Amino acid sequence: AATQACLIIAMLVMAGGVMGWCRPAQGADQGPVAQTSAPTPGSPLTFEEAVKIAITQSPYLAKSSLDIDIRRMDETDSRHGLVPPLTFRTYYYVNRPSGVGYGHPYSLSFSTDPYNPLGAYFTLQAQKLVTQVAILTHLKSISKGLEGLGSMYLELDFLHKLAACQKDLIQVARENLTYLENCMDIGTATSLEVKMARQKLELALGEQEGIALSLKRSLNGLKNFLGLQSTQDVTPNFRDSRRQVLGSFDPATATLEQAKNRSYELKAIEIHKQLQTYNIRLAIAKVFPTILFNTQTHDPLSFNTSHGLFVGFGLEIPVWDGFKRVRNISRQKAVLKQIGAQKAEKESDLEDKWFDLLGGVQEKSVALKNAQALENLARLKAHQSDVRYQSGGAPLTVVLDSRKEVLAAQKGMLLRGLEYDKAVLKFRENSGDLGYSYVDANSWQK
């Protein structure tokens, strides 16, 4: 009867193990995923829609997202580790000592590995914190990824406006070439002047091809970042990209304290401090003896007239380990002090970066205002030249040159505007406003 009971228990244990193995891992469930679908061919893709697609399927965010799944699997392993692992063993002896009283030719036993309940508990708590660190790392990756995505939209808008400006420059170059060719026919211009005008037109056309190539490169980079196939047709809606990407963010209202409170790195360091306290407790727990458990039938090689299932408990106590476990406690406490110093260093780095980025925004703002002033000045000069031309006081070349200066000033203003917008975008990401505007950190908790 005892042997049958052992066999039944063994079957139940093995069945439970199979069910546990077949059960989907808890970590296999990903964090919150936006309900998005592939963009409709030909439909404009706004920045907000691109953000949802990027968070869901961007290959640049896949690694940190999968790392959360892995950490949750580790957490599940640690949770199951609260119950000591049970091992079933059976032996069948082909030959045994002859005689009566040896019982059945096989033995059954259940045993556990050395089990430390305190160590198992602290390991579980530590794994939970490791999962939180993985979540914060992924959120930081998302924040940096959204900064890159926003830069792509700003660049696409810039290149589109630059292409329109370059088209006007080409038109001015053509008018200038036509005017000089007519002047050469009547003897008021030389062939050298015509050649120079033709060369300027070719240069303008070459710049137009370069802008078109940059547009294609930026669009392909957007597809790759969003995880779209090269054959998929996507039309980004980059109109008014500054409003789409920057929203209502104002660098003047952002504060350093807010950036510190939202910093994923500082939050991760704080969790590392909590994690290290569990490592200290775990090191202390390893000083205590571990528990052993065993239950088995009688030994078929031993003469014994008793039959049944024999249960035993015990302790495993290391006698000598060179005081490694004691020193490990001191080692873990020293690591905790290192983490505290690391947090102070990170806060200093964050402050330095904050003021550097704020200074960069202010410098780019001044440069943009200067470019706008130069563009206004060029327009005034163009108007003056047009008045002189209409009154017969200046040839057409003066008007064309002034129009060319206006367009060149516009190109400079567009470039300074892009630099300013990128500086504000980077400052917004560093302040934490960008990530917090699109991702709820609490939704990743389980």
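**Aromatic contacts, core and pocket of a predicted model**

User: In this predicted model, which residues are linked into a cluster by ring pairs?

Analyst: Ring pairs join three residues of the predicted model into a cluster. The members of the cluster are F47, Y153 and Y438.

User: Which residues have the most contacts inside the largest nonpolar core, and which element gives the most to this core?

Analyst: The largest nonpolar core comprises 59 residues, and those with the most contacts inside it are L149, Y153 and L226. Several helices supply at least two residues each, among them α2, α5, α9 (324-390) and α10. The element that gives the most to this core, with 18 residues, is α4.

User: Is the aromatic pair of Y60 and F225 stacked or edge-to-face?

Analyst: The count of aromatic pairs comes to 11. For Y60 and F225, the ring centres are 5.5 Å apart and the angle between the planes is 20°. Planes under 30 degrees apart count as stacked, so the pair of Y60 and F225 is stacked.

User: How many residues apart in sequence are the parts that the pair of Y60 and F225 ties together?

Analyst: Y60 belongs to the loop between α2 (47-57) and α3 (62-80), whereas F225 belongs to helix α5. The pair therefore ties together parts whose separation in sequence is 165 residues.

User: Is the pair of F293 and F313 stacked or tilted?

Analyst: The ring centres of F293 and F313 lie 5.1 Å apart, with the planes at 50°. The pair links strand β5 (residues 290-296), which holds F293, to strand β6 (residues 310-316), which holds F313. Planes under 30 degrees apart count as stacked and over 60 as edge-to-face, so this pair is tilted.

User: At what distance from the ring centre of Y436 does R262 lie?

Analyst: R262 lies over the face of Y436. A further charge over a ring is that of R281, whose charged end sits over Y278 at 5.2 Å from the ring centre. For R262 and Y436, the distance is 5.1 Å.

User: Which element gives the most to the lining of the largest pocket?

Analyst: The largest pocket holds about 420 Å³ of space. Its lining has 17 residues, and the closest to the pocket centre are N176, A197, K200, D401 and K404. The elements giving two or more residues to this lining are α4, α5 (191-226) and α10 (396-431). With seven residues, the element that gives the most is α5.

User: How many residues in the lining of the largest pocket are charged?

Analyst: By class, the lining contains nine nonpolar and three polar residues. The number of charged residues is five.

User: What is the phi value of F323?

Analyst: F323 is placed in the loop between β6 and α9 and counts as partly exposed at 49% relative accessibility. Another non-glycine residue with a positive phi is D240, near 55°, in the loop between β4 (235-236) and α6. F323 is not a glycine either, and its phi is positive, at about 60°.

Methods
Residues are numbered from 1 along each chain as its sequence is written. This is a predicted model: local features need pLDDT of at least 70, side-chain atom pairs count only at pLDDT 80 or more; totals for chains, interfaces and linings use all residues. Side-chain values use heavy atoms; hydrogens and water are left out. On a 1 Å grid over the protein atoms alone, a cavity is a set of points where a 1.4 Å probe fits but cannot get out, and a pocket is an open set with protein on both sides within 12 Å along at least five of seven lines; lining residues have an atom within 4 Å of a point. Grid points are joined across faces, edges and corners, and a volume is the space filled by probe spheres set on the points. Helices (H or I, at least four residues) and strands (E, at least two) are DSSP runs, numbered from the N terminus. Ala, Val, Leu, Ile, Met, Phe, Trp, Tyr, Cys and Pro count as nonpolar, Asp, Glu, Lys and Arg as charged, and the others, Gly among them, as polar. Rings of Phe, Tyr and Trp (its six-membered ring) pair if their centres lie within 6.5 Å; planes under 30 degrees apart count as stacked, over 60 as edge-to-face and the rest as tilted. A charge sits over a ring if NZ of Lys or CZ of Arg is within 6 Å of the ring centre and within 35 degrees of the ring normal. A nonpolar core is a set of buried Ala, Val, Leu, Ile, Met, Phe, Trp, Tyr and Cys residues joined through side-chain atoms within 4.5 Å. Buried means under 20% relative accessible area, exposed over 50%, partly exposed in between (1.4 Å probe, protein chains only).
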